[in-house]
Amino acid sequence: MKTHVQTEREKKSPERRERFITVSNEEIARLYTPEEIKELDYERDLGYPGEYPYTRGVYPTMYRGRLWTMRQFAGFGGPEETNQRFKYLLKEGQTGLSTAFDMPTLMGLDSDHPLADGEVGVEGVAIATLRDFEILFDGIPLDRVSTSFTINPSAPVIYAMYIAIGDQQGVDRKKLRGTIQNDMLKEFIAQKEWVVPPRPSVDLIVDIFEFGIKETPKFNLISISGYHIREAGSTAVQELAFTLADGMAYVEAALQRGLEIDEFAPQLSFFFNSHNSLFEEIAKFRAARRIWARALRERYGAQNPESWKLRFHTQTAGCSLTEQQPLNNIIRVTLQALAAVLGGTQSLHTNSYDEALALPTEEAVRIALRTQQIIAYESGVADTIDPLAGSYFVEALTNEVERKALEYIHKIERLGHGSILEGVFRGIEQGFFQREIAQAAYEYQKQVESGEQTIVGVNKYTIPREQDQKVPTLKIDPEVQRRQIERLKRVREERDARAVAGALHRLEEAARRRQNTMPYILEAVKAYASVGEIMEVLKKVHGAYREPAMV
Amino acid sequence: MDRPIRVLMAKAGLDGHDRGVKVVARALRDAGMEVIYTGLHNTPEQVVKAALQEDVDVIGLSILSGAHLAIFKKAMNSMKQSGMTDVLLLGGGIIPDEDKPILEQMGVKGLFGPGASTQEIVEFIRREVQKLRSAVL
């Protein structure tokens, strides 16, 4: 950007710091003028909401038509406790459900696995068999809610369970609405939950696409996620670039399978983080839509406008929450939620102020939901579409974030000799993504310790620990683990063992022959095979993954 | 001159949050310590075995999944069985205040939550290792 000659008057009012930077270490200029956006062409680069390239939003009326879905992530203990929390949230006015699973379920292990000890029901709900899902959705008609599942390696099993519950309730599969996260590439890059290696993991995802576009057309079959990449310490640009590259990799994998782009692309959805630097986040969301629309139309030849639209969920940045003076987190979450709304999100989870300490209490969850309701109904920010468009700063920043993200995407493409799918696989295998993220996290930590980045209550305006607010935290009863193990044992005794063995055998055969595994997983689920048993079959066929340790 | 402080940075259990452990590992390395990182998804027993093989002064165990009580207990037992009385066990991650005394009672020497500075961790390790080494002499 153009540097501006210092006048005598400016020298008399010096700036309070040498560099002004975002949390992602992007330098921000003193002033933005028409000069910075002189190349911007309204029709070409922004367009109208609901129109290509969707920079201003994916729907023509945006929040004037319908507000974003307020979707608080919930799940802890056994399915009974989570079912209660779901009913509480629906009663409080929440419009979509979002399910958090415990670590063993996420990693495809049953509650009685030795590695599961101490983790059952702790970070989310424990699910082993369809019996648990029957309890989880007791009294919740699936044709009336949309449910999101934060699940990755065991996504095919959980997706099959949801279909099975719908079948039990007599709900037409075509009416099922919701999302499975089902994004394994970002697992290898950042969140680190896996069962089988990257390549067979992507094959399983494409199995879900192939099955889901016909069976559950209203269900989002993947939520391509930057959230965890950011939580692992990436910058905003890295989050955007790596997530979109993952998205393009899935598109290429599905095309290789022989699926038609316009058949599956409308069922892809995204999930981003919203961190503290308000304008940078807004620019990131706007740039995301523009890059995706252009890539789908120009690179992959999609014709259906539904394929060009990047729809996304946002969660405020868990990593920005502080253990010190925890009530301050309410204000951070408010600003981050505001960025998501100004950036045109389709759904939003606001973190609770106590989450740097433990899982949130009911009171903290209510405040987080109220934060969204105040933004929606009191602030007026949702009353006009993309209100910051045309701001010299926001447009310049949108361009800048887009440019830097595209640089990364091109680098990944070169790594794969023209294939983004191959580039992402190699990036994972060579530790490229992991190194970039760890480097950014370390740089940020150094800036915090040197005071270049301020965290109120942590490196500035601190108070002695003993004076700090004590907040009540939610405790998981260790009884949950015992109860889950017992229920699993009972299910194993009561189910038809031959049906289970037959279903698992057929799944293994299908996986070996590279047939679509989804119908076989659904059969196994309906026979009450467990998450662990089903994932074990896939591990037997494809092997287990272990990441090389690198610092 | 003292030999450099050797540290095993470890993740145990199913928890995949490795941002903090990697940041601390790099900071300790920049502070002149020798750092070994176990990678993810180890059992507490595997961590202790690695610490024994690598002959470290310090084990830094990171847990953000809420399974800290179960995992530290197993790690501590395993250290006792291996006779590792001269090795410092430190914890990092999300550990609620009410669990801290329980872990300290088990013998976990220092606990560092979100917001702890790496400088603070470096100084703590230097001081405690100094104490251990002079006690041995």
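The questions below concern a predicted model.

Q: How many residues of strand β9 of chain A are buried?
A: Strand β9(A) covers residues 312-316 and is mostly covered. Phe312(A), Thr314(A) and Thr316(A) lie on one side, and His313(A) and Gln315(A) on the other, all of them buried. The number of buried residues in β9(A) is five of five.

Q: What is the bridge partner of Ser274(A) in β9(A)?
A: Strand β8 of chain A, residues 268-274, runs parallel to β9(A), and five bridges join the two. For Ser274(A), the partner in β9(A) is Thr316(A).

Q: Which residue of β10(A) is the bridge partner of Gln315(A)?
A: Strand β10 of chain A, residues 347-349, is joined to β9(A) by three bridges, and the two run parallel. Gln315(A) has as its bridge partner in β10(A) the residue His349(A).

Q: Which helix makes a β-α-β unit with β9(A) and β10(A)?
A: β9(A) and β10(A) are parallel strands. Together with a helix of residues 328-342 they make a β-α-β unit, which is right-handed. That helix is α15 of chain A.

Q: Which element gives the most to the side of chain B that touches chain A?
A: In chain B, 29 residues are in contact with 30 residues of chain A. α1, β2, α3 and α5 of chain B each supply at least two residues of this side. The side divides into 13 nonpolar, 11 polar and five charged residues. With five residues, the element that gives the most is α1(B).

Technical notes:
Residues numbered from 1 in each chain as written. Chains lettered and ligands numbered in written order. Predicted model: local features only at pLDDT ≥ 70, side-chain atom pairs only at ≥ 80, totals over all residues. Buried ≥ 20, exposed ≤ 12 C-beta atoms within 10 Å, placed from the backbone. Helix = DSSP H or I, 4+ residues; strand = E, 2+ residues; numbered from the N terminus. Pairing = 2+ DSSP bridges. Right-handed = clockwise from strand over helix to strand, strands pointing away. Contact = placed C-beta atoms within 7 Å. Nonpolar A, V, L, I, M, F, W, Y, C, P; charged D, E, K, R; others polar.
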